[in-house]
Amino acid sequence: MATMADVARRAGVSVATVSHVLNETRPVLPHTRQAVLDAMEELGYTPNTLARSLVTSRTRSIGLAVSAISNPYFTEILQGVEAAALEHGYSLLIVDPHDDPVHERKVVQLLHERRVDGMIVAPSADPRELLAYLGRHKVPAVLLDRVVDGSTGFDQVCADSAEPMARLVTHLAGLDHRRIGLVAGLPGLSTTRERLTGYRDGLSAAGLAHDERLVVHGNSESPGAEQATTALLSLASPPTALVTANNAMTMGALRSLRDHGLSVPDDIALCCFDDFAWADLFSPRLTAIAQPSRDIGAQAVSVLLDRLAAPDRPARTVRLPCTFVHRTSCGCPDQSLTSVKGTAS
């Protein structure tokens with residue numbers, strides 16, 4: 001196995017110069033740097049990551065804390081994070097906080113103890129302990145998908161939620177639906193609050209009254225959404241159209257509609273927040289809001305690397321636009337994709 005000394009001899013430089021090239025601890029002339037890189041390639045030299053971290057105080061690793069196992073939406077975000085991290089030479093350590101504040105705090109501490117250079121975290125509905133820990137230990141971190149209101153001092157990356165949800169509601173209202181039900185997410189999450197706001201805004205824009213009985217919480221999971229949808233269908237005046245606030249809850253809602261012998265969209269129209277790979281394979285095909293999940297993951301890595309390069313810069317929140325995917329579960333024929341504008345601040 002080739003050593004750093006072998007690389008130095010092949011390149012005609014000192015071992016210290018090879019170290020500076022590997023660890024970026026001192027500027028090296030371009031032609032010298034290239035000679036070292038060529039020698040590494042010729043010899044098949046593999047750097048010792050542990051030794052490099054001792055020199056640079058950096059592990060070239062990023063911690064990612066998302067509930068990817070229980071929420072398929074985060075799986076696509078994970079793919080975006082992984083691709084962007086690899087592109088910049090970072091490895092990824094992944095933990096699942098299970099959307100539980102106590103477990104969230106434990107796994108974030110675990111990542112910190114592994115000396116990751118920074119973290120990307122999708123916070124739970126009660127992130128107080130999480131934020132206190134990150135702040136106390138000055139951990140560079142980006143909050144992902146779920147924003148925290150107020151001045152947290154942390155960068156945040158997410159998609160728009162309110163305006164796209166309002167778009168689904170006004171679309172259904174435009175099809176003459178007057179009782180539009182919502183299967184909302186887990187109370188306390190910013191995505192739940194924002195989509196509830198969008199739902200109300202959509203009703204208001206369509207001139208429809210807000211009926212609290214038409215809003216139920218599926219707690220962002222399929223079983224909860226199944227029960228919530230059943231509750232809506234049990235009303236004396238059930239909804240004629242239904243909006244689900246994430247892809248896991250869409251599965252639960254569809255199960256409940258099937259068990260009640262209801263046909264979509266003939267008996268009840270359905271729109272969902274979150275598109276997913278097989279939404280186009282259902283019959284009818286699902287009208288949905290598609291979030292740019294991989295782009296969200298990649299953007300989170302970019303923002304974190306900016307933070308690592310400039311630790312004292314002001315925190316920022318980046319919001320990415322969603323896309324309205326017009327299929328047939330709403331009762332319409334397919335139409336081309338229409339962009340929904342987003343904002344960045």
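Predicted model: local features only at pLDDT ≥ 70, side-chain atom pairs only at ≥ 80, totals over all residues.
How many nonpolar, polar and charged residues does the lining of the largest cavity have? The table gives the split by class, where Ala, Val, Leu, Ile, Met, Phe, Trp, Tyr, Cys and Pro count as nonpolar, Asp, Glu, Lys and Arg as charged, and the others, Gly among them, as polar.

| Class | Lining residues |
|---|---|
| Nonpolar | five residues |
| Polar | seven residues |

Residues are numbered from 1 along each chain as its sequence is written, and side-chain values use heavy atoms, with hydrogens and water left out.

Back to the hole itself. A cavity here is a set of points, on a 1 Å grid over the protein atoms alone, where a 1.4 Å probe fits but cannot get out; lining residues have an atom within 4 Å of a point. The largest cavity has a volume of about 140 Å³, counted as the space filled by probe spheres set on the points. Of its 16 lining residues, Thr191, Arg195, Ser220, Ala245 and Asn246 lie nearest the centre. Helix α9 (190–205) gives the most to this lining, with three residues; helices are DSSP runs of H or I, at least four residues long.

Over at α1 (residues 4–11), Val7, Ala8 and Ala11 are buried, meaning under 20% relative accessible area with a 1.4 Å probe, protein chains only. Down the axis of α1, those buried residues fall within an arc of 100°, so they line one face of the helix; the arc is that of the directions from the helix axis to the C-beta atoms. Just past α1, Gly12 has a positive phi of about 75°.

Definitions and conventions
Buried < 20%, exposed > 50% of the residue type's maximum accessible area, 1.4 Å probe, protein only. Helix = DSSP H or I, 4+ residues; strand = E, 2+ residues; numbered from the N terminus. 1 Å grid on protein atoms, 1.4 Å probe; cavity = no way out; pocket = protein on both sides within 12 Å on 5 of 7 lines; lining within 4 Å.
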